[in-house]
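Biologist: I'd like to learn how to read a structure like this one. Could you walk me through it?

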Amino acid sequence: MEEWPGILAVYDCPVNVVFNDVEDVKSFVEGVLKGAGLEGVLEFSSNEAIGSRTVLFRLHFKPVASAREYVGIRVVAVDNVVARVLFVVPRELESVSRALESGLTIGRYNPDKDMNETTQVADQQVYIPYPVIYAVRGVPRVQPSEWYLEVAGLVENSPILHYNDLVKMPMASITTDFHCVTGWSVRSVRLRGVETRLVTELAKPLKEARWVYITGYDSYSAIVPVNEFSKGVLVLYMGDKPLPPEHGGPVRLFFPGLYGWKSVKWVKRLEFTSEYRDGYWEVMGYHPRGRVENSERFKRF
Ligand SMILES: Nc1nc2c(c(=O)[nH]1)N[C@H]1C(S)=C(S)[C@@H](COP(=O)(O)O)O[C@H]1N2
Ligand SMILES: [Mo]
């Protein structure tokens with residue numbers, strides 16, 4: 001698998017600006033860049049409705065037209081108000097990073113604020129018949145005989161669990177709805193596997209462990225709070241069949257109460273940590289916990 005191209009920094013700016021159309025969003029971002037002393041090529045790339053109230057606008061910025069890399073800009077708008085703007089700066093554009101740092105009001109991200117916030121209300125998901133396959137880093141082919149799970153970090157034990165160890169453990173069957181943060185859901189998906197609380201019991205996390213940073217064989221990653229981790233399942237079967245490779249087979253995680261991006265497919269490593277650290281989507285502004293019942297889609301300030 002190709003390594004994920006390096007990101008130097010992500011700047012997350014809370015704002016509160018009403019807009020009417022895409023052009024308004026573009027001029028707003030233009031203003032922000034100008035304010036930081038940056039001029040270059042700003043292009044609108046796409047927009048996507050997330051549930052019924054939130055729209056995500058994606059733009060690209062190149063300080064010079066010939067630059068290989070661009071700054072990814074995500075504008076999050078709720079009910080026609082721009083609520084936050086995220087700038088994802090690649091390693092090659094360090095100068096942009098310095099300009100943004102001096103030109104913007106940015107706070108250090110504190111996950112606890114988002115974890116204590118309970119006023120977000122659930123908005124609509126659209127039900128579809130079968131889960132959309134997501135594999136942002138491709139589908140790694142891992143045979144059951146090659147698959148193993150590592151446990152690391154703040155734990156008393158660091159077991160390595162092979163596929164053969166898992167199949168000998170007690171299996172649980174769950175039937176649950178699946179929710180993706182982009183707005184689709186699937187009703188009553190039948191899954192079977194080993195409850196993650198059994199892994200937690202084997203690993204015995206130290207009391208300082210607050211988060212579990214999860215990595216897949218494709219190097220995709222996500223983070224969940226320790227207590228949420230223990231409510232998941234290491235899935236080996238979907239319906240009556242072994243979990244297909246495109247859905248994360250031989251083994252994926254699944255957290256029934258959390259949006260799908262936390263359910264890492266082709267799971268390889270669990271790291272129990274005291275410090276919060278962004279995974280693949282969290283770095284782009286997605287929520288540290290992602291509880292569906294509270295619509296915990298994005299970080300806030
Ligand atoms: N390794 C890996 N796990 C992943 C993803 C991914 O791209 N790579 N996508 C996530 C997202 S956003 C969702 S909604 C679900 C989708 O699961 P599915 O592909 O089985 O439908 O997997 C999650 N786990
Ligand atoms: Mo998703």
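This is a predicted model: local features need pLDDT of at least 70, side-chain atom pairs count only at pLDDT 80 or more; totals for chains, interfaces and linings use all residues.

Biologist: Let's start with a helix. Which residues of H2 are buried?

Modeller: The general idea comes first. An α-helix has 3.6 residues a turn, so residues three or four places apart point the same way. Now the case here: helix H2 covers residues 94-103, and its buried residues are Val96, Ser97, Ala99 and Leu100. They sit on the same side of H2, because they cover an arc of only 165 degrees around the axis.

Biologist: And which exposed residues are on the face turned away from that buried side?

Modeller: That face of H2 carries Arg98 and Ser102.

Biologist: On to the ligand. How many residues surround ligand 1, and which are the closest?

Modeller: There are 18 around ligand 1, with Val132, Asp218, His247, Arg252 and Lys265 the closest. By type, the shell has twelve nonpolar, three polar and three charged residues.

Biologist: Which atoms of the ligand pair up with aspartate 218, serine 263 and tyrosine 134?

Modeller: With aspartate 218, a nitrogen atom of ligand 1 is 2.7 Å from a side-chain N or O atom. With tyrosine 134, an oxygen atom of ligand 1 lies 2.9 Å from a backbone N or O atom. With serine 263, a nitrogen atom of ligand 1 is 2.9 Å from a polar backbone atom. As for cover, ligand 1 on its own has 530 Å² of accessible area, and the protein covers 98% of that.

Biologist: Now the salt bridges. How many does the structure hold?

Modeller: Side chains of opposite charge can pair when their charged atoms come close. This structure holds 15 salt bridges. In one of them, glutamate 48 meets arginine 58 at 2.4 Å, N to O. Glutamate 48 is in strand S2 and arginine 58 in strand S3, ten residues apart.

Biologist: How far apart in sequence are the parts tied together by glutamate 150 and arginine 269?

Modeller: Those two side chains form a salt bridge at 3.2 Å, N to O. Glutamate 150 lies in strand S7 and arginine 269 in strand S16, so the pair ties together parts 119 residues apart in sequence. Both also belong to a salt-bridge network that links Glu150, Lys268, Arg269, Glu271 and Arg277.

Biologist: What about arginine 291 and glutamate 228: buried or exposed?

Modeller: Both are buried. Their side chains meet in a salt bridge at 2.7 Å, N to O. Arginine 291 is in the segment after S16 and glutamate 228 in helix H6, 63 residues apart.

Note on methods: Residues are numbered from 1 along each chain as its sequence is written. Chains are lettered from A and ligands numbered from 1 in the order in which they are written. Side-chain values use heavy atoms; hydrogens and water are left out. Buried means under 20% relative accessible area, exposed over 50%, partly exposed in between (1.4 Å probe, protein chains only). Helices (H or I, at least four residues) and strands (E, at least two) are DSSP runs, numbered from the N terminus. The arc is that of the directions from the helix axis to the C-beta atoms. A residue is near a molecule or strand if one of its heavy atoms lies within 4 Å of it. A polar contact is a pair of N or O atoms within 3.5 Å; within protein, one must be able to donate a hydrogen and the other to accept it, and residues adjacent in sequence count only if both atoms are side-chain atoms. Accessible areas come from the Shrake-Rupley method with a 1.4 Å probe; for residues, only the protein chains shown count as cover. Ala, Val, Leu, Ile, Met, Phe, Trp, Tyr, Cys and Pro count as nonpolar, Asp, Glu, Lys and Arg as charged, and the others, Gly among them, as polar. A salt bridge is a side-chain nitrogen of Lys or Arg within 4 Å of a carboxyl oxygen of Asp or Glu.
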